[in-house]
Amino acid sequence: MNYSFRKKNKTVKYIIIHYTGMIDFNSAYKKLNDLKSEVSCHYLVSRRGKIFNLLCPKLKGWHAGVSEWKNVKNLNDYSIGIELENKGHEHSYTNFTDSQYHEVKKLINFFKFNFFIKDKDIIFHSDIAPNRKKDPGEKFLVKKLGIERFNFHQRKTLNINGLLKLYGFSHNYIKLYKSDCIKAVKRSLNYKNIDSSISNTFKKKFNNLLFK
Ligand SMILES: [Zn+2]
């Protein structure tokens, strides 16, 4: 199993949602348990709704890779990784199943209660590595988990960079990969076609995502 020990000053604050991106469950299960793959996660949720606990949450998994979120780098240090079985964009990306949502919701509620994880700290792989990752992707319906990731009350007039910053992208990533950040927001908004164009409709939807 691939893992490291968490440092004492680096405690779990985030949950990161992924998809496996492999053709079937067995290949994903094998990869996540293979020393040579150099990847791992804490939980794997199959399409049939079975939860596989692959790694103790107290240990650091290797699922996030090079990543940034707000002012934090290397999110593996601070997170629990949940992988959902899905073939992903490279094969034939499909809807997630109701059983998967049901089980992920149970897992998240457990961590909210026991690790004091907040809704705003449940994030996507595509949010923390927008230049490299698309998962869980635009077919992932976060509403089905019963959480509110963004809940800013005071509406502000912000330009697109301001909105991206408020969403949570690091300063560095907005500077280097702005168009990828926009694509990640579109995935979060469940757009069907993902591109980096910025229309007025997009700005409106982006605002409505952030402000309640
Ligand atoms: Zn991922």
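1. Helices (at least four residues) and strands (at least two) are named here from DSSP runs and are numbered from the N terminus. On that basis, Asp98 belongs to helix H2, which covers residues 98-114. The model under discussion is a predicted one. Its protein chain has seven helices and nine strands in total.

2. Overall form. The C-alpha trace of the protein chain spans about 45 × 40 × 30 Å along its principal axes. The radius of gyration is 17 Å, and a compact globule of 212 residues would have a value near 17 Å, so the two agree. Buried residues account for 38% of the 212 residues in the protein chain. Among the contacts in the protein chain with a separation of 6 or more, 67% join residues 24 or more positions apart.

3. The sheet. Five strands form an open sheet in the order E4-E3-E8-E2-E9, and the pairing is mixed. Its edge strands are E4 (51-53) and E9, each of which pairs on one side only. From one strand to the next, the twist averages 25°. Strands E2 and E8 run parallel and are joined by six bridges. Within this pair, Ile16 has Gly81 of E8 as its bridge partner.

4. The largest nonpolar core. In soluble globular proteins, nonpolar side chains tend to be buried together. Here the largest nonpolar core holds 33 residues, and those that touch the most other members are Ile15, Ile16, Ile17, Ile82, Val104, Ile123 and Ile128. Two or more residues each come from strand E2 (14-19), helix H1 (25-32), strand E3 (43-45), strand E8 (79-84), H2 and strand E9 (122-124). E2 gives the largest share of this core, with five residues.

5. Ile82 within that core. Which residues does Ile82 contact once its neighbours within four places in sequence are left aside? They are Ile15, Ile17, His18, Cys41, His42, Tyr43, Val45, Val104 and Leu107. Of these, Ile15, Ile17 and Val104 are also named among the core residues that touch the most other members.

6. Helix H6 (residues 178-188) is mostly covered, with nine of its 11 residues buried. The buried residues of H6 are Asp180, Cys181, Ile182, Lys183, Ala184, Val185, Lys186, Arg187 and Ser188. The partners against which the buried residues of H6 pack are E9, helix H3 (125-128), helix H4 (160-167), helix H5 (171-176) and helix H7 (200-210).

7. Ala64, a residue in a loop. Ala64 is found between strand E5 (59-60) and strand E6 (68-69). Is Ala64 buried or exposed? It is buried, because 26 other C-beta atoms lie within 10 Å, and the cut-off for a buried residue is 20 or more. Leaving aside neighbours within four places in sequence, the contacts of Ala64 are Ile16, Leu75, Asn76, Ser79, Gly81, His125 and Ile128. Ile16 and Gly81, both in this list, are the bridge partners mentioned in the point on the sheet. Ala64 and Ile128 are 64 residues apart in sequence, yet their C-alpha atoms are 7.9 Å apart in space.

8. Asp98, a contrasting case. Asp98 counts as exposed because it has 10 C-beta neighbours inside 10 Å, where 12 or fewer is the cut-off for an exposed residue. Asp98 and Arg47 are 51 residues apart along the chain, and 8.5 Å separates their C-alpha atoms.

9. Backbone details to check by eye. Glu38 has a positive phi of about 60° although it is not a glycine. The residue lies in the loop between H1 and E3, and Glu38 is exposed, with 10 other C-beta atoms within 10 Å. Asn190 also is not a glycine and has a positive phi of about 60°. It comes just after H6, in the loop between H6 and H7. Asn190 counts as partly exposed because it has 14 C-beta neighbours inside 10 Å.

10. A cis peptide bond. The bond from Asp135 to Pro136 is cis, with omega near 0°. Pro136 is located in the loop between H3 and H4.

How values were computed. Residues are numbered from 1 along each chain as its sequence is written. This is a predicted model: local features need pLDDT of at least 70, side-chain atom pairs count only at pLDDT 80 or more; totals for chains, interfaces and linings use all residues. Two residues are in contact if their C-beta atoms, placed from the backbone, lie within 7 Å. A nonpolar core is a set of buried Ala, Val, Leu, Ile, Met, Phe, Trp, Tyr and Cys residues joined through C-beta atoms within 7 Å. Two strands pair if DSSP finds at least two bridges between them. Axes are lines fitted to C-alpha atoms, for helices over the stretch in contact, and angles run from 0 to 180 degrees between N-to-C directions. The radius of gyration is taken over C-alpha atoms; the globule rule is 2.2 Å times the number of residues to the power 0.38.
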